[in-house]
Amino acid sequence: MGMGSFVRRVASGVRRAVLSVVGPRLDRAYLIPDLPRPDLTAHQALQERVIEAGDRPGLRILEVGSREVTGSYGLRQRLKHAEYVGFDYYPGPNVDVAGDAHRLSKLVEGRFDVVFSTAVFEHLAMPWVVAEEIARVLKPGGMLFLETHFSYSAHERPWHFFQFSDMGLRALFSPALGFECVEATLQNPIVGRFSAYADRYLRFRPVPALYCHATIVARKTRDVEGFDWRKITVAEVVGETHYPPPVG
């Protein structure tokens, strides 16, 4: 190891040690105070919730985005009772059915008791269409476990289309489409600021309320025949919420 590499490693270690002490106090200013706590949707335990909900004899679990890209998630190997089907855009390890998620219901056979997807929705050109497709393949009473990004580095361009808030996921999987939200939130907060390359009036300003992951757990309550986004009202999607009124 060269001297430069050694110095960088030491400096990085010191920085991490200092931040571990002062970070919790400094970073609190970047959080959303009333954000729902991630219980069912906790990032590192989301797969556990899928297993708890669906690993029973006679049940079927569909993973949308199952191809092993950054290493094995091991969901298939961990299931002891349920039937697992892995779906992805490209064939590859852990993929049973390959194709376009915008045509999901025409590509997979039958319906499922659990649909699980992580780090996929940001890469969908028309996520509202895929939400409909998931609704078609999920049985009434079935569970959806979905995780995507709210604030994260651009990746897999040019197919990085959208970022999602927890409210955005609620809107996609709303009662109008036949879903009941069990839990939706943001998690894994990020501390950010505008860079020296931003417009002059923004340079170096802090950017609060950044979170890496947006997650939702929702229950399919009913089939909605002839669903059409153009035929539903905004109130059917957002419920009793409203746009914040003007201040002052």
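Reader: Is His149 buried or exposed, and what is its relative accessible area?
Author: This is a predicted model, in which local features need pLDDT of at least 70, side-chain atom pairs count only at pLDDT 80 or more, and totals for chains, interfaces and linings use all residues. Residues are numbered from 1 along each chain as its sequence is written, and side-chain values use heavy atoms, with hydrogens and water left out. A residue is called buried under 20% relative accessible area, exposed over 50% and partly exposed in between, with a 1.4 Å probe and protein chains only. His149 is therefore buried, at a relative accessible area of 7%.

Reader: In which strand does His149 lie, and which residues does His149 touch beyond those up to four places away in sequence?
Author: Helices (H or I, at least four residues) and strands (E, at least two) are taken as DSSP runs numbered from the N terminus, and His149 belongs to strand β5. Contact means heavy atoms within 4.5 Å. Leaving out residues up to four places away in sequence, His149 touches Glu122, His155, Gln163, Phe164, Cys212, His213 and Ala214.

Reader: Which strand pairs with β5 in the antiparallel sense over 7 bridges, and which residue there stands opposite Leu146?
Author: Two strands pair if DSSP finds at least two bridges between them. The antiparallel partner of β5, over 7 bridges, is β7. In β7, the residue opposite Leu146 is Ile216.

Reader: In what order do the 7 strands form the sheet, and which are the edge strands?
Author: The sheet is open and its pairing is mixed, with the order β3-β2-β1-β4-β5-β7-β6. An edge strand here pairs on one side only, and the two that do so are β3 (97–98) and β6.

Reader: Why is strand β1 described as largely enclosed by the rest of the structure?
Author: In a regular strand the side chains alternate between the two faces of the sheet. In β1, Arg60, Leu62 and Val64 are buried on one side, and Ile61 and Glu63 are buried on the other, so that both faces are covered. Strand β1 (residues 60–64) is largely enclosed because the number of its residues that are buried is 5 of the 5.

Reader: Which strands are joined to β1 by 5 bridges and by 4 bridges?
Author: Strands of a sheet pair through backbone hydrogen bonds, either parallel or antiparallel. With β2 (residues 83–88), β1 runs parallel over 5 bridges; the bridge partner of Arg60 is Glu83 and that of Val64 is Phe87. With β4 (residues 112–118), β1 also runs parallel, where Ile61 has Val114 as its bridge partner.

Reader: How many residues of β2 are buried, and which residue of β3 stands opposite Phe87?
Author: Strand β2 is mostly covered, with 5 of its 6 residues buried. On the side of β3, 2 bridges join the strands in the parallel sense, and the residue opposite Phe87 is Val97.

Reader: Which residues of α2 are buried, and what covers them?
Author: The buried residues of α2 are Leu46, Gln47, Arg49, Val50, Ile51 and Gly54. What covers them includes β1, α3 (75–78), β4 and β5.

Reader: What is the volume of the largest pocket, and which residues are closest to its centre?
Author: On a 1 Å grid over the protein atoms alone, a pocket is an open set of points where a 1.4 Å probe fits, with protein on both sides within 12 Å along at least five of seven lines, and lining residues have an atom within 4 Å of a point. Grid points are joined across faces, edges and corners, and the space filled by probe spheres set on the points gives the volume, which is about 960 Å³ for the largest pocket. Of its 34 lining residues, the closest to the centre are Thr118, Ala119, Val120, His123 and Glu156.

Reader: How many residues line the second largest pocket, and which lie nearest its centre?
Author: The second largest pocket holds about 230 Å³ of space, and α6 (166–172), β6 (179–193) and α7 (234–238) each supply at least two residues of its lining. The lining has 13 residues, and nearest the centre lie Met167, Arg170, Val237, Val238 and Gly239.
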